[in-house]
Amino acid sequence: MKTLRLDDVEGIPVFGTLVWKPIRKTLGVTAFGINAYTAANAGDEVVEEHTEVQLNHEEIYAVITGHATFTVDGQEVDAPAGTLVYLDKPAEKRHAIAKEPNTTVLAIGGVPGQHEVSAWEYFFPALPAMNAGDWDTARTMLEEALREKDHPALHYNLACVEARSGNPERALEELAKAGPRQLAQAGEDPDFESIKDDPRFRELTRQSGRPQS
């Protein structure tokens with residue numbers, strides 16, 4: 001048995017004011033994903049707009065503190081603390097905005113009958129270092145993540161680090177290991193400004209099927 005207070009899990013700033021708490025990793029859960037998100041201000045995003053089509057996850061969102069408004073396929077759901085929002089259809093588009101400061105939402109999900117750790121769980125811890133321009137730390141964290149989970153999205157983010165830190169050859173090498181979904185956004189990603197005119201970069205992004213400017 002393990003017990004854990006949410007306040008004891010160190011939060012990691014990810015997007016905007018959003019703070020992510022890696023509960024699954026902290027407890028060593030392997031049967032499902034479980035993590036927490038806190039938005040600092042009313043009006044801030046507490047669940048990013050997305051579907052679970054790629055991962056095929058069922059999800060439950062539990063509002064732990066504060067008050068949120070969920071939008072699920074265009075339908076608004078008022079969600080004060082204590083509300084559970086269950087989405088059993090991966091294709092449902094979901095999004096939530098905090099109505100009160102420091103609103104915290106617990107997200108629980110997984111593939112029915114199995115669970116695979118999502119790539120973003122490995123990427124999020126490296127975000128503060130990337131945002132601070134600490135390329136050595138970000139590189140080390142992403143390389144460690146790739147040793148545990150070889151995923152195209154992690155190669156893409158490592159390519160971003162290498163391009164920003166002045167290592168064009170390594171950036172192109174890692175970008176070549178990214179998937180079509182990542183390559184489709186590379187042409188407009190400012191992280192690749194230093195290599196955007198390299199013919200090899202243009203060829204990689206051209207293969208994604210998305211025209212480049």
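**Strands and helices, asked and answered**

Me: Which residue in β10 is the bridge partner of Ala-36?

Reply: Leu-106 in β10 is the bridge partner of Ala-36. This is a predicted model, where local features need pLDDT of at least 70 and side-chain atom pairs pLDDT 80 or more, while totals for chains, interfaces and linings use all residues. Residues are numbered from 1 along each chain as its sequence is written, and side-chain values use heavy atoms, with hydrogens and water left out.

Me: What makes β3 and β10 a pair?

Reply: Two strands (DSSP runs of E, at least two residues; helices are runs of H or I, at least four) pair if DSSP finds at least two bridges between them. Seven bridges join β3 (residues 33–39) to β10 (residues 103–110), so they are a pair, running antiparallel.

Me: Why do β1 and β8 count as edges?

Reply: In the open sheet β1-β2-β3-β10-β5-β8, β1 (12–13) and β8 (84–87) each have a single partner strand, so one side of each is left without a neighbour in the sheet.

Me: Why is α4 called roughly antiparallel to α5?

Reply: Angles run from 0 to 180 degrees between N-to-C directions of axes fitted to C-alpha atoms, for helices over the stretch in contact. Under 35 degrees counts as roughly parallel, over 145 as roughly antiparallel, 65 to 115 as roughly perpendicular and the rest as oblique. The axes of α4 (residues 135–148) and α5 (residues 152–164) come within 10 Å and cross at roughly 160°, which makes α4 roughly antiparallel to α5.

Me: Which residues of α4 make the contact?

Reply: Among them are Trp-135, Ala-138 and Leu-142 of α4, contact meaning heavy atoms within 4.5 Å.
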